[in-house]
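Subject: Structure handover

Hello,

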Amino acid sequence: MSDNDRPESHADAAVQFENVTKHFPPDVTALDEVSFTTGFGEVVVLLGLSGSGKSTLLRHVDGLQLPSNGSVEVLGKNVASSSSKELRKLRSRIGFVFQQFHLVPTLTVLENVCTGALGRVKGPRLGLPTYSKTIRQEGLMQLDRVGLADRAFQRADTLSGGQQQRVAIARAMMQSPEVLLADEPVASLDPESSHQVMQLIKRVAAEENLTVLCSLHQVDLALTWGDRIIGLHTGKVVMDTPVADIDHADAMSIYARVGAETVADAVTK
């Protein structure tokens, strides 16, 4: 989708958080007055300790969780005030890539990819031939894009971890998403496969003008493949800056087990 095709209401902002706070009982604050805005085509990496709020933030983007206070707007829609029908439609425009690939191991690679199109077909699909020729061709195109067209008719469980994650990305792209969420997409991969997957995400984002929100623990990957880093510490944003403006030591300061204000001071020194 070109910029000219996008509705004016969200021409400049793909995702907007405004003073978002999320409480979980009895007394856990997972997000604490989080505010940021992303443009289209940005690859935004979320960094922070486990439990800092990264996954919770991602789940607010597609409405799997709703804020206790504040607002989340995605592609011009207020997530919390959307009806069930509106939320389903919004989710069809948001792809999600997980740490665990969530492929069906006994299905072929191509059929796993074609399942990404289930939101735009009617009725169940049992077996690859039950998908239309158009969808099968589109699935092959997406597999070619991730360098796995030659594996289309193998069982998914015969692939390496890095290859399975690339299949998961191809499946997500079958939705033609405008926003892609990636929750620790390389956590279970070796360093070489991790770089390949992040390079692929970066390339697809550039080709499709796709907004990416990706949570990582690997600082080097974030600095290599991200456009911008948002650092979270105990639910607070302690860094929000272009990758070009920080170095490895700056990024590592996010992980210091100190108060959020101290982390922010360390980054700005």
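Six strands make up an open sheet, in the order 6-7-8-3-9-10, with mixed pairing. Its edges are strand 6 (94–97) and strand 10 (236–242), each pairing on one side only. Direction ignored, neighbouring strands in this sheet are turned by 15° against each other on average.

The conventions first. This is a predicted model, where local features need pLDDT of at least 70, side-chain atom pairs count only at pLDDT 80 or more, and totals for chains, interfaces and linings use all residues. Residues are numbered from 1 along each chain as its sequence is written, and side-chain values use heavy atoms, with hydrogens and water left out.

Helices (H or I, at least four residues) and strands (E, at least two) are DSSP runs, numbered from the N terminus. Two strands pair if DSSP finds at least two bridges between them. Axes are lines fitted to C-alpha atoms, for helices over the stretch in contact, and angles run from 0 to 180 degrees between N-to-C directions.

Back to the six-stranded sheet. Strand 3 (residues 43–47) and strand 8 (residues 211–216) run parallel, joined by five bridges. Leu-47 has Leu-216 in strand 8 as its bridge partner. Helix 1 (residues 54–61) lies across strand 3, strand 6, strand 7 (179–183), strand 8 and strand 9 (228–233). The helix runs at about 155° to strand 7.

Four strands form an open sheet in the order 2-1-4-5, and the pairing is antiparallel. Strand 2 (28–38) and strand 5 (77–78) are at the edges with a single partner strand each, so one side of each has no neighbour in the sheet. Strand 1 (residues 15–24) pairs with strand 2 in the antiparallel sense over seven bridges. Val-15 has Thr-38 in strand 2 as its bridge partner. Helix 1 packs on this sheet too, touching strand 1, strand 2 and strand 4 (69–74), where contact means heavy atoms within 4.5 Å. The helix direction makes about 120° with that of strand 1. Strands 1 and 2 form a hairpin, with three residues between them.

Which aromatic rings pair up? There are two aromatic pairs in the structure. Rings of Phe, Tyr and Trp (its six-membered ring) pair if their centres lie within 6.5 Å; planes under 30 degrees apart count as stacked, over 60 as edge-to-face and the rest as tilted. Phe-17 and Phe-36 are stacked, at 4.7 Å centre to centre with 20° between the planes. Phe-17 sits in strand 1 and Phe-36 in strand 2, 19 residues apart. Phe-17 is buried at 2% relative accessible area, and Phe-36 is buried at 5%. Here buried means under 20% relative accessible area, exposed over 50%, and partly exposed in between (1.4 Å probe, protein chains only).

Phe-96 and Phe-98 are also stacked, at 4.5 Å centre to centre and 0° between the planes. Phe-96 is buried at 14%, whereas Phe-98 is partly exposed at 33%.

Last, the cysteines. A disulfide is a pair of cysteine sulfur atoms within 2.5 Å, and the count by this rule is zero. Cys-114 is buried at 0% relative accessibility. Cys-214 is buried, also at 0%.

Best wishes
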